[in-house]
Amino acid sequence: MPEPRLTRLLLRLGAGLTLAFIYLPLLVIGLYAFNERVTQAWPIRDYSLRWFGVAWRDESVRDALWLSLLAGLGATGLALVLGTLASLAIARHRFFGREAITFAVILPIALPGIVTGLALQATIKDLLGPVGVGFGLGTIIVGHATFCVVVVYNNVLARLRRTAGSLDEASADLGADSWQTFRYVLFPQLRTALLAGALLAFALSFDEIIVTIFTSGAQQTLPIWMYATLFRPDDLPIVNVVALFVILLSVLPVYAASRLAGGGGVEQVAAGAAKVEAGAASAP
Amino acid sequence: MTSVAVVEPPPRRGAGRRLSSFLYRHPRLRLGALLALPVGWLGIVYLGSLAVLLLSAFWKTDPFTSQVVRELTLDNFREIAERPVYREVAWRTVRMAFLVTVACALLAFPLAYYMARVASPRTRNLLVVAVLMPLWASYLVKAYAWRTLLSEEGAINWALDPLGLHFNGYSTTGLWLVFTYLWLPYMVLPVYAGLERIPQSLLEASADLGGRSLTTFARVTLPLVFPAVVAGSIFTFSLTLGDYIAPSLVTSDQFVGTVIYRIYGTALPTAAAYALVPIAVIVGYLLVARRLRAFESL
Amino acid sequence: MSTGRKRLAGWALASGLVLALAAVAAGCGGGEEGAAGAWQIEGLGSTLDEIQDAARQEGQVNLVIWPGYAVLTDEFTAATGCKVNTKDGASSDDMISLIQTGAYDGVSASGNASVRLMTTGDVAPVNTELIPNFADIQEGIKNKDYNSRDGQAYGVPHGRGPNYLMFRTDRVPESTDSWGVIWEDESLERYKGKISIYDDSIFIADAALWLKATRPELGIQNPYQLTQEQFDAAVALLKKQAPYVGEYWPGDVAKQIQSYTNGDSVVGTTWPYQYLQLKKAGVPVKAVKPKEGTTGWSDTWMIYAKAKNPNCMYLWMNHMASPEAQAAVAEGFGEAPVNLKACELTKNRNHCSEFHAEDESWWEDVYYWTTPSADCADDDESTTCMTQADWKAAWTEIRG
């Protein structure tokens, strides 16, 4: 039952408008990176590339970028280990407390970030401060890993559900030990899911600010640098350049991940939109 | 899967092997080994932190130094309950979350419908990626982009100027636009997935029975996709409820997130008590959503 | 789907863990001492040479500052090997909570932060022998209750300034010289939605200052130490004003500068910093100290008691007291230097006289920010005043 012509036309129009609404602001902020002047007035009168050089030479930007990369790598590594272990347990075992674990994996992303951030800060300050653990890269990674676990978990779990547990058993029957089964049977099946999960976890960590503000102490990740700098009128041109850079940088791994997760539209939705999925699974 | 046939595992001996067989014979232990790290992490690091926060809602604050004093009290809850401002701010925030949700649903629907039922498979895949991308593009950059767009000399007022119009961007209405923008993809994707799951045959059956397209839409499509809209609304709602960055960029109105963020540094117990409000609202919302079968549509 | 029993058990497991942790949290309490002890901070060198050597090892200093306060940082890094990382605070409360994370070495504290930080022991006394430039600081600024205890210095004075009344001269009469323009009914009506107010509880003192001048029967002496009656009157005044306020600027100087530039705000309270920026950009604004007097600040660089880079912080305090840095920050932010040798180095040769660096009488009706205290910060035991916590709660309410 195809929709009538007029309906189709209206739908196309509506879809086009919504897409324009989504992309125009990104386009505009992208253009600002080429704005010669310090003032943010629209339209842009003179275009130039000079702020790219300024941003590149800015040491605080480079430090923040480096810290964001380190935090992203650390959080992704931790999330890979924790998420894979949890998904293996959930996919291959029925046990007491299974639902509680599913719930605990989801919770960090379902609750408002300010709650998570506040909770982590209170704990680090009160419990770890006295034993000499301070805010820094370590605590940033802890915070990020906590909500990145779910991304890896979802990707791996979805894959595990599509692969048969009997393969593991067959491997064991043929004399492989657990490690060998993981290395030679399970891992090849999970590889792309792990890679997609890792890319998404990295992207999530790289952009996070709401929790990071509470756990970073004196350290500045790139989003925190931006948040601090956008209140200083003279530095806005550098913020614009960094904004463009961040848009490009965070979109690439997502594109790659959605390709990795494979074929059709629905599967892409399922695999790529882990942010959305996270909440979906929070059905107790 | 082919790797099973191709790779021949080299035989291994020794402790690792014995441990492995032992674990295989004791599935409970194997499970324990799998779970130890993730449960330890989430249980101790995360739930433990939440417990510390919850507990601090019962501590006192020194009225001069603003230091937390570890004496139990219910004063923080009394403060939240008795000062009308906390209720007003919570109410304002919930209202904002509701309006953002409505706007997201209205904007998402045509796009999702087009993707699911009109577009060719090739266009559809492109559109899915096109919606996914901004979902992952930096939240802060998007909020910052809107701060720039909404300013007096920004692109929006530039576009309105020839029409003789003017929009006061740094306002509650401006914030509503920003939130709608930020969370829109979270609504599009579930609605799209919900629409795509409706079997074509059902719509044909409705047409065969004489239902005109509008009737079919109202009586078949909408009820079937409604749970998906509710599912999407979980995000638009909960994300709006806890945000403090976007409000700080475009308005000076108070919202739950901004109040908590403002007071936590020198009144952590009050902030912790107030943080229970968004938690309660979201848990309540999830329960309602479950009733409406929203989770099944995700 | 699992059974209800299973789910219950799962929850029980989770709550057990949580409770155990909460118990640990409850156990690790206390530990907050009163005032700190000696000025010796772990790792701090005991001579200037030792400090300079140790600073090269530390290689960095992390500071909580008011926007624009860290100046000549490249020169400082080149001279000492300490990289300077700064974090802007939006309010004194903000700065206290930042320094208490333990991640910073020092802070540029205003009076309403410094007294609290000394009381909690979060900042340490300083050995002024190890800060050569301290000797050049104006004597009148040293040894005040906001930067010392019992004659022991708790930091190095930074500079002082007033909170101005600022207005657009094309919208507000040039002759305006009273705070009445943001408090009186008729004027509130006239500038409705165009008033710009600092977003912090300390602004209650500005209301009290106006009441001090206009309602003598309330008997307000010190705008920071208010009895219940005085406080209620100030809060009522602020609530009356709130619907007319166009923007509250929480340290978001960019937003205030923008709103004055395009005329969204035409009158309100500001720091000299925004005024200078607007002037520089050619916006027709004027800033005055109204005839009722004003609130203001006299700031102090303080060192965190458990600073990780104490040597760099000592060098930083010395740096900020130097004539060069004092001149740069005084002109950059718009305040009076406290090292008068800076007056020779300012680009505007009249800066010191324009900002009344040596004119003590000008500062007599500038009330420096300080922390409200239950004992009214006086020796009279019969009086009680509203506390910082009351101020803070009231501000949330005023903002609505």
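Predicted model: local features only at pLDDT ≥ 70, side-chain atom pairs only at ≥ 80, totals over all residues.
A residue is counted as buried if 20 or more other C-beta atoms lie within 10 Å of its own. Helix 4 spans residues 92-99 of chain C, and eight of its eight residues are buried.

Chain A contains 13 helices and zero strands. The C-alpha atoms of chain A fill a box of roughly 70 × 70 × 35 Å along the principal axes. Of the 284 residues in chain A, 57% are buried. Among the contacts in chain A with a separation of 6 or more, 77% are between residues 24 or more positions apart.

Chain A and chain B meet through 90 residues of chain A and 97 residues of chain B. On the side of chain A, helix 1 (residues 5-32) provides the largest share, with 15 residues. This side of chain A, where it touches chain B, is made up of 64 nonpolar, 19 polar and seven charged residues.

The contact between chain B and chain C takes 28 residues from chain B and 35 residues from chain C. On the side of chain B, two or more residues each come from helix 3 (27-56), helix 5 and helix 13 (256-263) of chain B. Helix 3 of chain B gives the largest share of this side, seven residues. By class, the residues of chain B that touch chain C divide into eleven nonpolar, eleven polar and six charged.

The largest nonpolar core has 317 residues, and the members that touch the most others are A79(A), L118(A), I260(B), I204(C) and M317(C). Helix 5 (residues 84-118) of chain B supplies the largest share of this core, 16 residues. For I260(B), leaving aside neighbours within four places in sequence, the contacts are with I114(A) and L118(A) of chain A and with A271(B), Y274(B) and A275(B) of chain B. One of these partners, L118(A), is also listed with I260(B) among the core members that touch the most others.

Conventions
Residues numbered from 1 in each chain as written. Chains lettered and ligands numbered in written order. Core = buried A, V, L, I, M, F, W, Y, C linked by C-beta atoms within 7 Å. Buried ≥ 20, exposed ≤ 12 C-beta atoms within 10 Å, placed from the backbone. Helix = DSSP H or I, 4+ residues; strand = E, 2+ residues; numbered from the N terminus. Contact = placed C-beta atoms within 7 Å. Nonpolar A, V, L, I, M, F, W, Y, C, P; charged D, E, K, R; others polar.
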